[in-house]
Amino acid sequence: MLFDISDKPIASFDGDITLVFIINGNLKDTQDEDLLKRVDFKAGQDETVHLIEKERLYVGVSSLEPDCLRSAAATAVRSIFGKSTYKHLTIASIENIDEHCMQAICEGILLGNYSFTRYKSKPTLSSLEKVTIFIENNTNSTKETIQNSINNATIIADATNYARDIVNTTPDDCYPEIMAQIATKLCEDTQLECNILRTKELEEQNMNALLAVARASRHKPCVIHLAHKPTNPKYTITLVGKGLTYDSGGLSLKPSASMVTMKADKSGASAVLGIMKAISELNIPIEVHGFIGAVENMIGGDAYKPDDVLYAKNGKTIEVRNTDAEGRLVLADVLAYAQQEVKADYIYDFATLTGACVVALGAYTIGIMGHCDTPKTLLQNASKVSGEMVTELHFNRYLKKLLKSEIADISNISSSPYGGAVTAGLFLSDFINEENKDKWTHLDIAGPAFVEHAWGENPHGASGAGVRLMVNLLQNLVK
Ligand code: BES
Ligand code: ZN
Ligand code: ZN
C-alpha cells in the first residue's frame, strides 16, 4: 500500500473515495449533515455510511483515541474491501490529531485490509492501492511526524499481518519444521540471527518435557532462537512463544468442537516471530531474544500419558495428569533454556495457554500474570496506545497449593476446576529461576489470538495478538 500526505485543501482530491471520521457524533462540521441525518446516521463507534453519489465514506469514532480511530479505519476499509472501483482512498483531515492517532489510523487501514486467501480457489482480493492523507487544519503535526507515523504503522501492521498468516495456516501446512523454515527466511530477510535446536540438541539440553509432548507426532519438534542485537543496546529482553502447531489434546483428547481452531495454538510463537520482524525493521536499540517451542501434540502408540512423570530441563519432576495441559510443559523447558542462554532485564512469554482465561476475561483480552508490577505496568501502558486489551490476574498462595503432586515435584494440572488461568501461570512460575521471578510476566492470549468473527481492527480468525502490544512496549522503553 502506498501512503502519501497532502497539505492542499480536500476539495483538490483526486481519489476514488474519501473517508471522513466523525468524532463523538458531531455531524455539524460535515458537508453532508442533512443527508446523514436523513439516513439516520448517528456516527456511533465503527458505524459507517457510504454516500455513493458523493463517494464519501463516513465512520463514527466515539472519542479521539488511537484505539477508536484504529478500529473505525479498519471497519471503514473492510466495508469497501474487494470493490474494484476503490483503488485510491483519501482521508479527510482531522483537526489537531497527534502522532499516535495518525499511526492508529494507518494501522487500522492496513489491518482492516487484511484477508487470508491461501485456501480459496477464487479469492476476493483487496483493490486498494493508495491512500492520501489530507492534513490541512492539522497544526499538531508536521509532514515529517506524519511520515514517521506512517512508517511505524506500516512496519507494525505488516508484522501483525505476518503473524496472522502463520496462525491461519493449517496444521498440515505449518508444523514445527515449517516454523523453523519461516524463522530462517525471516533471518535471511532481516539482520536477525537464528539458531534452531532439533531433536539431538533438545535431548542434549534435557528438554524432556517438551520432547514428551512431541513424541506421538510424525513431525519432529524444534526450539527456535532468534536474536536482534543492535550495538549499545539499552536493555535486553527475552520473549518466549508457545508454538503448538496443533493441539489435539493428546491422549486426554479434546472433544471434537474444542479441537477446531487448535491450529491457533501456535499464536504465541507467531507473535514472537512478528515482534522480531518489526523490531528488526524498526531497528529498536534493545537487544531482543525470541524463543519458540514448536511442537505438535498428537495421539499414537508412543504418546506421553496421564500418569507419566517427566524430568524437566531445570531438574524438576512433573506428574502428567492431563496431556491437554501440554503448553505449560513445552514452556517449562523453553523458559529454562531461555534463562540459561540470555540474562535479560525482562522476560515475557506469550501463550494460548488456557480456556479458563477466555472464560475469565472474554475473548478480546489478554490475561497478564507475574510476581512483580514493573513488567506488568509496562504492558498496561503499552496497552493504552496499541489498543490491545490486557487485564491482570493475580497469583495467590492458595491456588499454588492446588498444583501439589503426591508423586512428583508438581502436577501439570490443578486439583480444582476453578482458577485455571492462574494455576497455569503459577505452574510456569516454577520454571522461572529465583533471580528472574520479578522480571517475568506471562501473557495468556488464548482469547484474542483467534476469534471466529471480525472485531475492531481484527478479521475473522487470527488477530496477531501480542505484536502491537510488545512493539509499543519496546518503543516506550527507549523513549
Ligand atoms: N491450547 C489449549 C488452551 C486453549 C483453549 C487455547 C481454548 C485457546 C482456546 C491448552 O493447551 C489446553 O488445552 N488447556 C487446557 C488445560 C486444562 C487441561 C487444565 C484447557 O484450557 O482446557
Ligand atoms: Zn492443550
Ligand atoms: Zn495448547
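Q: What is the volume of the largest pocket in this predicted model?
A: The largest pocket has a volume of about 800 Å³. That figure is the space filled by probe spheres set on the grid points.

Q: What makes a residue part of the lining of the largest pocket, and which lie nearest its centre?
A: A lining residue has an atom within 4 Å of a grid point. For the largest pocket 36 residues line it, and Lys254, Leu353, Thr354, Gly355 and Ala356 lie nearest its centre. Elements that each supply at least two lining residues include β9 (236-247), α10 (327-341) and α14 (420-429). The largest share, 4 residues, comes from α11.

Q: How do you know where ligand 1 sits?
A: A molecule sits in a pocket if more than half of its atoms lie within 2 Å of the pocket's grid points. Ligand 1 sits in the largest pocket, so more than half of its atoms lie within 2 Å of that pocket's grid points.

Q: Why is the pair between Lys254 and ligand 1 called a polar contact?
A: A polar side-chain atom of Lys254 lies 2.8 Å from an oxygen atom of ligand 1. The cut-off for a pair of N or O atoms is 3.5 Å, so this pair counts as a polar contact. Asp265 also places a polar side-chain atom 2.8 Å from ligand 1, here from a nitrogen atom.

Q: What makes the pair between Leu353 and ligand 1 count as well?
A: A backbone N or O atom of Leu353 lies 3.5 Å from a nitrogen atom of ligand 1. The pair counts because the cut-off is 3.5 Å. Of the 520 Å² that ligand 1 exposes when taken alone, the protein buries 74%.

Q: How many residues surround ligand 1, and what makes a residue near?
A: A residue is near if one of its heavy atoms lies within 4 Å of the molecule. There are 15 such residues around ligand 1, the closest being Lys254, Asp265, Asp324, Glu326 and Gly355. By class, this shell has 4 nonpolar, 4 polar and 7 charged residues.

Q: What lines the second largest pocket?
A: The second largest pocket holds about 670 Å³ of space. Its lining has 21 residues, with Val20, Phe21, Asp29, Ala92 and Ser93 nearest its centre. β2 (17-23) and β4 (56-61) are the elements that give two or more residues to this lining, and the largest share, 5 residues, comes from β2.

Technical notes
Residues are numbered from 1 along each chain as its sequence is written. Chains are lettered from A and ligands numbered from 1 in the order in which they are written. This is a predicted model: local features need pLDDT of at least 70, side-chain atom pairs count only at pLDDT 80 or more; totals for chains, interfaces and linings use all residues. Side-chain values use heavy atoms; hydrogens and water are left out. On a 1 Å grid over the protein atoms alone, a cavity is a set of points where a 1.4 Å probe fits but cannot get out, and a pocket is an open set with protein on both sides within 12 Å along at least five of seven lines; lining residues have an atom within 4 Å of a point. A polar contact is a pair of N or O atoms within 3.5 Å; within protein, one must be able to donate a hydrogen and the other to accept it, and residues adjacent in sequence count only if both atoms are side-chain atoms. Accessible areas come from the Shrake-Rupley method with a 1.4 Å probe; for residues, only the protein chains shown count as cover. Ala, Val, Leu, Ile, Met, Phe, Trp, Tyr, Cys and Pro count as nonpolar, Asp, Glu, Lys and Arg as charged, and the others, Gly among them, as polar.
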